[in-house]
Amino acid sequence: MTAPALVRRPVRKDRKSVALTIVMALFLIYTLVPLLWLLFSSTKTQAGLFSSFGLWFADDFSFFQNLVDTLTYRDGIFVRWLGNTLLYVVVGAGGATLLATLAGYGLAKFSFPGRRAVFAVVLGAIAVPGTALAVPTFLMFSQLHLTNTPWAIIIPSLISPFGLYLIWVYAVDAVPTELLEAARMDGAGEFRTFATISVRLLAPGIVTVLLFTVVATWNNYFLPLIMLSKPELYPLTVGLNQWNSQATGVAAEPIYNLVIMGSLLTIVPIVVAFLFLQRFWQSGLSAGSVKQ
Amino acid sequence: MTMTSMRVTPSVRPRRQWRGWLFVGPFSAVFLVAFIAPVVYAIYLSLFRNRLVGGNSFVGLENYLQVFTDAQFWESFARVALFLAVQVPIMLLLALGAALAIDSARLYGAGIFRIVIFLPYAVPAVVAVLMWGFIYGNSFGLAANLNDAVGFTLVTPFARDWVLASIGNIVTWEFVGYNMLIFYSALRTIPADLYEAAELDGAGALRVITAIKVPALRGAIVIATIFSIIGSFQLFNEPNILKTLAPNIITSYFTPNMYAYNLSFAGQQYNYSATVAIVMGVITAVIAYVVQLRGSRAETR
């Protein structure tokens, strides 16, 4: 695999175009408008939301009041949801990355009976979307009395066929087979070799898979929506939507300012993580798109 | 650690070893529980029906026959097919244009564009829909601001004729950057000597795009198309969350997935719900497979 960042570019083409930059700037504005709207709106009271222009401040600045209200509403249920999300992300995405790394490495570096079958099934599984599986999984889990427990969210999150595929593609080139043979000659056990040598070589691929599984579990909505009916088990996504639906119906009690502040608090950690780790997901994505 | 040099071992033994399973085993075990078992259970459920008289009984393929004559299912199917035919080409063309622009080295601050346009991918669908839903709204959204400014009702994102386009806009906003990044990554792998050769031949920028860049993107385009097809057919989050804001427009069978969900959770029709989920899964997989096949055939030609 050629490292994408190292491909040289002809110098001639470095002439900058103002027109192209302006067109792309419009694209940029389109991307940023909803996020800016969210930022401005998070500083407003409910009355301010209704009486002011969306992309500017209202007369009253209540960002910190909204923050306090969001974190303390109904005995701090939002903090509870944040904790649940963290639990599902740490165990679910962490476990998914571990399983995908072990299996991708195993498929890339070992020849064993059934290897082709495992590979075919996993490739097929990439095409089966999580949402299609969610209703059948719910039906099965309710028979097993697993619904309304954290396991209902964690167990399905542990499987990442795409993550396995990424690690497999990555491991083929990143871990030289000769190195493994040499380690075997020296009498090192397979797990020892894996833990001391291979993991280090696989690190960029592992971080990429971790990022994508973290995003998938942090943003998961459909699965917890159908698996959980107890609000104290909700992740942030389902909780936020419940707050929002509170605005309509018989006993309507709109809390738009809290929904908006809650939305902001939900995206900040994941966006920050992405910005800081961008070097990794960019190289990992190229590994996935080069080979198919 | 003892190995410092790479020793080439005589590879005379292609012996099949079981120890690979030590690594693949844990994944496979969870995969069986969390992936294979639900599929098998759903197939089992789809062959039964719960009747008022006689309870749970085996009905063979009766549920499947019912799906094929179910007007609500086909209405929802036609809706996502229309969505697929319109939204996916727009999104992928935008992504392609953005990737080519960023890769062209003719942008000021190309890195900023790449990161910011990708950013919505990290935003949870729930938050994306809530933001856009509020913006669309006539009470305190930008749509209301716009209508006030022009003095008449110019935009009505929640009107029956517009709601699918409004959802299309949200999905495009969420995923255009992800697709752009897939295309961009593929563009970065084009070897520099190809460009040098094109330059020697006197090829212009447009010619470089059509003769070098787009052919190199073919694999990435196939992947992006397959993921977009899956996403369209499985549409759920966006309409289901918008439903709170536009309850009379978005029906309980707006998309096939919403239909399956509501059959289970509002109707308690678990057997039929499982059948709908299976039928949609099979249709999605078949179409994804055909696209993959056609894409790779075009590549070898």
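Reader: Which residue forms a salt bridge with Glu253(A)?

Author: In this predicted model, the closest N and O atoms of the pair are 3.9 Å apart, and a salt bridge is counted within 4 Å. The partner of Glu253(A) is Arg74(A).

Reader: How many residues apart in sequence are the parts that Glu253(A) and Arg74(A) tie together?

Author: Glu253(A) belongs to the loop between helix H11 (236–245) and helix H12 (256–276) of chain A, whereas Arg74(A) belongs to helix H3 (residues 63–109) of chain A. Glu253(A) is partly exposed, at a relative accessible area of 36%, and Arg74(A) is partly exposed as well, at 48%. Because of where the two residues lie, the pair ties together parts whose separation in sequence is 179 residues.

Reader: Is Glu190(A) buried or exposed?

Author: A residue counts as buried under 20% relative accessible area. The value for Glu190(A) is 10%, so Glu190(A) is buried.

Reader: Which residues do salt bridges with shared partners join into one network?

Author: Glu190(A) also forms a salt bridge with Arg184(A), with the closest N and O atoms 2.6 Å apart. Arg19(B) lies in the segment before helix H1 (20–46) of chain B and Glu190(A) in helix H9 (residues 190–218) of chain A, so this pair joins two chains. Through shared partners, the network consists of Glu181(A), Arg184(A), Glu190(A) and Arg19(B).

Reader: What share of the area buried between chain A and chain B do carbon and sulfur atoms give?

Author: The contact involves 116 residues of chain A and 103 residues of chain B. The area buried between the two chains is about 10500 Å², and the share from carbon and sulfur atoms is 74%.

Reader: Why do the buried residues of helix H8 of chain B lie on the same side of H8(B)?

Author: The buried residues of helix H8 (residues 192–200) of chain B are Ala192(B), Tyr195(B) and Ala198(B). In an α-helix there are 3.6 residues a turn, so residues three or four places apart point the same way. Asp193(B) and Leu200(B) are exposed on the other side of H8(B).

Definitions and conventions
Residues are numbered from 1 along each chain as its sequence is written. Chains are lettered from A and ligands numbered from 1 in the order in which they are written. This is a predicted model: local features need pLDDT of at least 70, side-chain atom pairs count only at pLDDT 80 or more; totals for chains, interfaces and linings use all residues. Side-chain values use heavy atoms; hydrogens and water are left out. Contact means heavy atoms within 4.5 Å. Buried area is the accessible area (1.4 Å probe) that two parts lose on being put together, summed over both. Buried means under 20% relative accessible area, exposed over 50%, partly exposed in between (1.4 Å probe, protein chains only). Helices (H or I, at least four residues) and strands (E, at least two) are DSSP runs, numbered from the N terminus. A salt bridge is a side-chain nitrogen of Lys or Arg within 4 Å of a carboxyl oxygen of Asp or Glu.
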